[in-house]
Amino acid sequence: MNRQLYEKLIFDYSRPGRRGFFFNEGNAQMPSLPDGLLRQTPPQLPEVDEPTVVRHYNNQSTNNFGVDTGFYPLGSCTMKYNPKVNDLLASDPGFAAIHPKQPTATMQGALKLYYELQQSLSEIGGMSEFTLNPYAGAHGELTGLMVIHAFHDHNKDFARTKVLVPNSAHGTNPASAAVCGYEVVEVNSLPDGTVDVDDLRSKLDNTVAAMMMTNPNTVGMFEKHIPEIAEAVHAAGALLYYDGANLNPMLGIARPGDMGFDVMHINLHKTFSTPHGGGGPGAGPVGVRKGLEQFLPAPRVVKLADSSFDIDQHNDTALGRISSNLGNYAVLIRAWAYILTMGCDGLAHVGPLATLNANYVMHRLKDLYLLPIPGPCKHEFVFDGLIDKSTGVTTLNIAKRLLDMGFHAPTIYFPLLFHESLMIEPTETESLDTLDTFCDAMRQIAVEAIDSPEVVKEAPHLTPAVRPDDTEAALHPIVTYSELCNQ
Ligand SMILES: *Cc1c(COP(=O)(O)O)cnc(C)c1O
């Protein structure tokens with residue numbers, strides 16, 4: 001098969017009999033296994049020498065783009081820099097080599113860290129208690145909705161079958177509600193991107209279990225009417241759920257609990273700076289206000305009267321388990337380290353800086369890109385493509401052209417409120433130089449769209465892969481080497 005270097009798979013280098021090393025079978029202690037357990041045919045593994053393996057994977061790694069290689073303004077994802085000291089701590093054998101089932105007396109330090117993170121997140125969110133068990137934001141949403149379900153069931157309030165979701169919401173919100181067995185009802189947005197409170201009121205009644213909200217919302221606007229919304233939702237007997245994916249600009253400044261939210265999740269991999277992308281790892285701790293603690297899943301870490309720590313398996317809760325053990329521990333260590341190294345003052349700086357950076361980029365580009373909701377914004381904002389639509393250059397083209405210029409693309413075609421959404425979130429960790437280089441690139445693309453639109457429409461020109469068919473890849477993935485050879 002004649003494929004480009006970057007497209008090659010390790011199987012392409014396979015030659016019969018080629019090996020990285022040889023066992024000296026004379027000295028090897030081979031355990032004897034029953035015949036029934038021995039495989040009858042050799043595994044279909046590539047036969048390759050060590051230098052080939054090392055070169056192949058090193059070359060592959062340079063085809064990747066990450067927050068450690070460049071600016072990553074992927075809106076709603078908070079791709080801030082992940083401090084290396086957090087990784088250092090997470091890889092300490094004292095944490096990394098423990099087993100979830102070993103006696104609690106032998107892992108008091110690890111449990112203390114876990115307990116402190118539960119406490120810190122409760123303080124930051126203005127909640128009574130947190131579970132650190134969920135593995136992602138979406139998993140947190142599902143867990144939170146299950147808590148809400150358990151609460152209504154506990155009150156024998158079985159008529160509540162609906163969850164309200166603004167039409168600006170992230171797709172995981174309606175998906176989680178549906179997975180939890182609820183009917184999803186959409187709430188309209190006003191022209192400024194915030195929730196239409198009149199529309200919300202018209203949909204609130206005793207069949208509504210909860211309203212899910214993101215604040216600031218997905219267009220980067222703070223929902224100013226949140227006290228009024230909370231009051232209306234509670235008056236109808238429903239609970240208010242906070243999607244914490246956009247907690248970054250609120251850190252240390254405003255707390256969801258104080259805004260009237262009853263249940264919330266935090267995406268530790270976003271706001272608390274643990275590496276993410278490519279599907280993981282993540283953590284989506286869920287917090288609840290006073291009175292809902294009993295519905296949280298097990299297990300959790302508790303502090304005993306003698307100041308030691310223990311794992312409370314309390315399996316008799318309404319919810320039971322939503323994870324195999326206590327959660328994604330290496331992610332939790334990083335978040336804990338981030339909170340401690342930032343301190344209260346540092347955390348309170350995050351939001352204003354993230355907001356300043358977003359507004360700076362917005363102001364430098366809004367003469368060329370269409371800003372449907374005028375600022376100021378919070379940590380992110382959305383353009384509706386270029387102002388000049390006559391060239392036919394789309395948001396997809398702009399995103400692809402940015403790759404040629406060494407940037408990760410912003411989030412595109414989300415939120416669904418606009419046709420050409422281009423959602424930019426610079427985060428607080430970027431310097432003025434980086435922001436300026438990005439703005440210069442965006443301005444250059446707007447000029448190219450007029451002078452040489454084909455350059456933008458056919459982009460990217462410099463990346464190893466050009467325009468993969470995302471839909472085909474999702475519908476008909478080729479997951480084995482033999483399938484690839486046979487296609
Ligand atoms: C990222 C995100 C989610 C989902 O979180 P995951 O950790 O990716 O599962 C939910 N809502 C919003 C607004 C998000 O940006």
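Modeller: A polar contact is a pair of N or O atoms within 3.5 Å; within protein, one must be able to donate a hydrogen and the other to accept it, and residues adjacent in sequence count only if both atoms are side-chain atoms. This is a predicted model, in which local features need pLDDT of at least 70 and side-chain atom pairs count only at pLDDT 80 or more, while totals for chains, interfaces and linings use all residues. Residues are numbered from 1 along each chain as its sequence is written, and side-chain values use heavy atoms, with hydrogens and water left out.

Biologist: How far does a polar side-chain atom of Lys 270 lie from an oxygen atom of the ligand?

Modeller: Ser 76 places a polar side-chain atom 2.5 Å from a ligand oxygen, and Gly 137 places a backbone N or O atom 2.8 Å from one. For the polar side-chain atom of Lys 270, the distance to a ligand oxygen is 2.9 Å.

Biologist: How much of the ligand's accessible area does the protein cover?

Modeller: On its own, the ligand has 380 Å² of accessible area (Shrake-Rupley method, 1.4 Å probe).

Biologist: Which helix gives the most to the shell around the ligand?

Modeller: The residues around the ligand (a heavy atom within 4 Å) include His 170, Asp 243 and Asn 267. At least two shell residues each come from α5 (137–154) and α10 (268–271), helices here being DSSP runs of H or I with at least four residues. The helix that gives the most, with 3 residues, is α5.

Biologist: Phe 151 is in α5; which residue does its ring pair with?

Modeller: The ring centres of this pair are 6.2 Å apart (a pair needs centres within 6.5 Å) and the planes are at 80°, so the pair is edge-to-face (over 60 degrees; under 30 is stacked, the rest tilted). The two residues are 144 apart in the chain, and the partner sits in the loop between β7 (286–288) and β8 (300–303). The partner of Phe 151 is Phe 295.

Biologist: What is the relative accessibility of Phe 383?

Modeller: Phe 381 and Phe 383 have ring centres 4.9 Å apart and planes at 80°, so they too form an edge-to-face pair. Phe 381 counts as buried because its relative accessibility is 2%. Phe 383 also counts as buried, with a relative accessibility of 0%.

Biologist: How many residues of helix α12 are buried?

Modeller: α12 spans residues 395–404 and is mostly covered. Its buried residues include Ile 398, Lys 400 and Leu 402, and their cover includes α13 (432–451) and α14 (453–457). Of the 10 residues in α12, the number buried is 8.

Key:
Buried means under 20% relative accessible area, exposed over 50%, partly exposed in between (1.4 Å probe, protein chains only). Contact means heavy atoms within 4.5 Å. Rings of Phe, Tyr and Trp (its six-membered ring) pair if their centres lie within 6.5 Å; planes under 30 degrees apart count as stacked, over 60 as edge-to-face and the rest as tilted.
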